[in-house]
Amino acid sequence: MRVRGRETGDSVELLSSELVTNALRHGEGPAVGVRICADDDYLHVYVRDGSPRTPVPRPLDEDSEDGRGLHLVAAVVDRLDVSDDGMTVHCALALPERAA
């Protein structure tokens with residue numbers, strides 16, 4: 001998979017880092033699963049953590065050093081959802097249009 005553009009690469013790095021960090025800190029499973037794939041229009045990031053609790057963004061607090069991860073992810077992606085069982089977070093990032 002080739003992702004064009006520094007901005008897209010930076011976004012993928014941010015998404016992966018934030019979602020994996022959340023999974024490690026708040027998940028319940030013995031392992032964290034990560035899948036990154038692309039179709040013609042979107043790059044998809046899936047992170048599975050084994051916890052049936054649906055992640056919920058915390059209220060923003062200027063003085064807190066954490067609690068901004070899901071807010072950052074939501075601000076960058078075009079789609080963000082959680083599987084019905086609550087164990088997998090999926091986000092989709094629109095890929096830049098391909099040069100003809």
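## A guided tour of the predicted model

Select Ser16 first: leaving aside residues up to four places away in sequence, Ser16 touches Ile36 and Val45, a contact being heavy atoms within 4.5 Å. Ser16 has its place in helix 1 and is buried, with a relative accessible area of 15%. Buried stands for under 20% relative accessible area, exposed for over 50%, and partly exposed for what lies in between, with a 1.4 Å probe and protein chains only.

The model is predicted: local features need pLDDT of at least 70 and side-chain atom pairs count only at pLDDT 80 or more, while totals for chains, interfaces and linings use all residues. Residues are numbered from 1 along each chain as its sequence is written, and side-chain values use heavy atoms, with hydrogens and water left out.

**The whole chain**

Now display the chain as a cartoon. The chain has 2 helices and 4 strands, in the order α-β-β-α-β-β from the N terminus on. Helices (H or I, at least four residues) and strands (E, at least two) are DSSP runs, numbered from the N terminus. Of the 100 residues, 26% count as buried. Among contacts with a separation of 6 or more, 59% are between residues 24 or more positions apart.

**The surface**

Switch to a surface view. The accessible surface of the chain comes to about 6800 Å², and 48% of this belongs to carbon and sulfur atoms; such areas come from the Shrake-Rupley method with a 1.4 Å probe, and for residues only the protein chains shown count as cover.

Next, select Leu24, Val32, Val34 and Ile36, which make a nonpolar surface patch of about 320 Å². Patches consist of residues with over 30% relative accessible area and no salt bridge; like charges are joined within 9 Å, and nonpolar side chains (Val, Leu, Ile, Met, Phe, Trp, Tyr) within 5 Å. Val32 is partly exposed, at 31% relative accessibility.

**Helix 2**

Move to residues 69-76, which form helix 2; its buried residues are Gly69, Leu70 and Val73. Viewed down the axis of helix 2, these buried residues fall within an arc of 90°, so they line one face of the helix. The arc is that of the directions from the helix axis to the C-beta atoms.

**Salt bridges**

How many salt bridges does a search of the whole structure find? The search finds 2, a salt bridge being a side-chain nitrogen of Lys or Arg within 4 Å of a carboxyl oxygen of Asp or Glu.

Select Arg48 and Asp85, whose side chains meet in a salt bridge at 3.3 Å, N to O. This pair links distant parts of the chain, 37 residues apart: Arg48 is in strand 2 (residues 42-48), and Asp85 is in the loop between strand 3 (79-82) and strand 4 (88-94). Arg48 is partly exposed at 37% relative accessibility, and Asp85 is partly exposed at 34%.

Then select Arg79 and Asp81, which form a salt bridge with their closest N and O atoms 3.1 Å apart. Arg79 is partly exposed, at 44% relative accessibility; Asp81 is partly exposed too, at 29%.

**Cysteines**

Finally, select Cys37 and Cys91. Is Cys91 buried or exposed? Cys91 is buried, with a relative accessible area of 1%, whereas Cys37 is partly exposed, at 24%. A search of the whole structure finds 0 disulfides, a disulfide being a pair of cysteine sulfur atoms within 2.5 Å.
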